[in-house]
Amino acid sequence: LSLSLSLPGYLSFAMVRFSTFVVVTLLTASAQAAYDVNIKSVCVTQNANFCEEWSHTGELKEDTKCFPADAMIAVPGDAPARLGDLRIGDAVVGWDGHQFTNTTLSAWLHLDAKRMATFLQIHTVDEKILEVSPEHSVGVWSEGCTGAASNCLQYAMARTLTPGESLVDKNGYPAQIASIEPVTKLGSYAPYTPTATYVVNDFVVHAFATLESPAKFEWLFSVFMDWSTWWYGEHAQPSGEEEYMHPVAAALGTATSKLSAPGAHNRQRRATSSSNGNSGGEQVRKAMNLLVVTIAEMTPHL
């Protein structure tokens, strides 16, 4: 995306004088589609203390946060099932933080059976493939960790991964990434389970997207899902004829965007040390902010 924008002097105070990185969410009236716009802004015409004209360059990326229809999800005691064939109530395999366990598909956070979407195709050295949207969280093996998966498994957004890092496979072992490339596939599916995790194409993935530390917000999301069940009734299987977005997912997505500070993603935040700013108090503050903003976003729909 490349554009030029002229602003009256009295509006230019909203812009900064130096190049900056901005993340904004654009919602279309028809499809509620979200986009990331990474913009670098440079003042072209300066007038006293105001910039009269700005030049903007950046990138527009569609925000899918899902898996394609032909992704294979692990189910108990049987061959994996095609994600597009899964129904609410079906049993699947999840990760509870310590071990693999049986769980169920309790809701769809997003489902669009007819959408062509761009995913990241992640190839591992053992020739397995995971296809996932850039913002979705996947299980990664903590660098240098030599323990079990219960100690070494962390989560990161797929777009932050690089060859040489490792995913976590269905047996709880690291699977080194060989290459990553974009691919366009049919369907956009985001299932939700009580464990907030499942196994796709033999790799552990999280149910959430856009959050840097998704596991820390599982309890909060569970509260919202229980609340939505009480208010809306049991989750129903979407028809697939039109795009479906769960009201909790829609509200949380908007709330997360509002609370996200501008700036490039800091991949070091995946570290477990409290010295990186992810202290218990900070996480509680973030969770409470998310709670308040999400309730505000959901209230008009109740």
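**Close-up views of a predicted model**

**Overview. The whole protein in figures.** The protein exposes about 15,300 Å², and carbon and sulfur atoms supply 55% of that area. Accessible areas come from the Shrake-Rupley method with a 1.4 Å probe; for residues, only the protein chains shown count as cover. This is a predicted model: local features need pLDDT of at least 70, side-chain atom pairs count only at pLDDT 80 or more, and totals for chains, interfaces and linings use all residues. Residues are numbered from 1 along each chain as its sequence is written, and side-chain values use heavy atoms, with hydrogens and water left out. The secondary structure comes to 4 helices and 16 strands. Helices (H or I, at least four residues) and strands (E, at least two) are DSSP runs, numbered from the N terminus. Of the 302 residues, 42% are buried. Buried means under 20% relative accessible area, exposed over 50%, and partly exposed in between (1.4 Å probe, protein chains only). Among contacts (heavy atoms within 4.5 Å) between residues at least 6 apart in sequence, 63% join residues at least 24 apart.

**View 1. The hairpin of strands E6 and E7.** Strand E6 spans residues 91-95 and strand E7 residues 100-104. The two run antiparallel and are joined by 5 bridges. Strands pair if DSSP finds at least two bridges between them. Val93 stands opposite Asn102 in E7. The hairpin has 4 residues between its strands. In the turn, Gly97 has a positive phi of about 100°.

**View 2. Gly240 in the loop between H2 and E16.** Helix H2 covers 218-232 and strand E16 covers 244-245. Gly240 counts as buried, at 12% relative accessibility. Neighbours within four places in sequence aside, Gly240 is in contact with Leu111, Ala113 and Lys114. Gly187 is 53 residues from Gly240 in sequence. In space, the two are 9.8 Å apart, C-alpha to C-alpha.

**View 3. The salt bridge between Lys114 and Glu241.** A salt bridge is a side-chain nitrogen of Lys or Arg within 4 Å of a carboxyl oxygen of Asp or Glu. The structure holds 8 of these. Here the closest N and O atoms of Lys114 and Glu241 are 3.2 Å apart. The pair links distant parts of the chain, 127 residues apart. Lys114 sits in strand E8 (residues 107-124), and Glu241 in the loop between H2 and E16. Lys114 is exposed, with a relative accessible area of 54%. Glu241 is exposed too, at 56%.

**View 4. The salt bridge between Glu243 and Arg115.** The side chains meet at 3.9 Å, N to O. Glu243 lies in the loop between H2 and E16 and Arg115 in strand E8, so the pair ties together parts 128 residues apart in sequence. Glu243 is partly exposed, with a relative accessible area of 30%. Arg115 is buried, at 11%.

**View 5. The network of Asp70, Glu131 and Lys185.** The side chains of Glu131 and Lys185 meet in a salt bridge at 2.6 Å, N to O. The pair links distant parts of the chain. Glu131 is in strand E9 (residues 129-132), and Lys185 is in strand E13 (residues 174-192), 54 residues apart. Both Glu131 and Lys185 are buried. Salt bridges that share partners join Asp70, Glu131 and Lys185 into one network.
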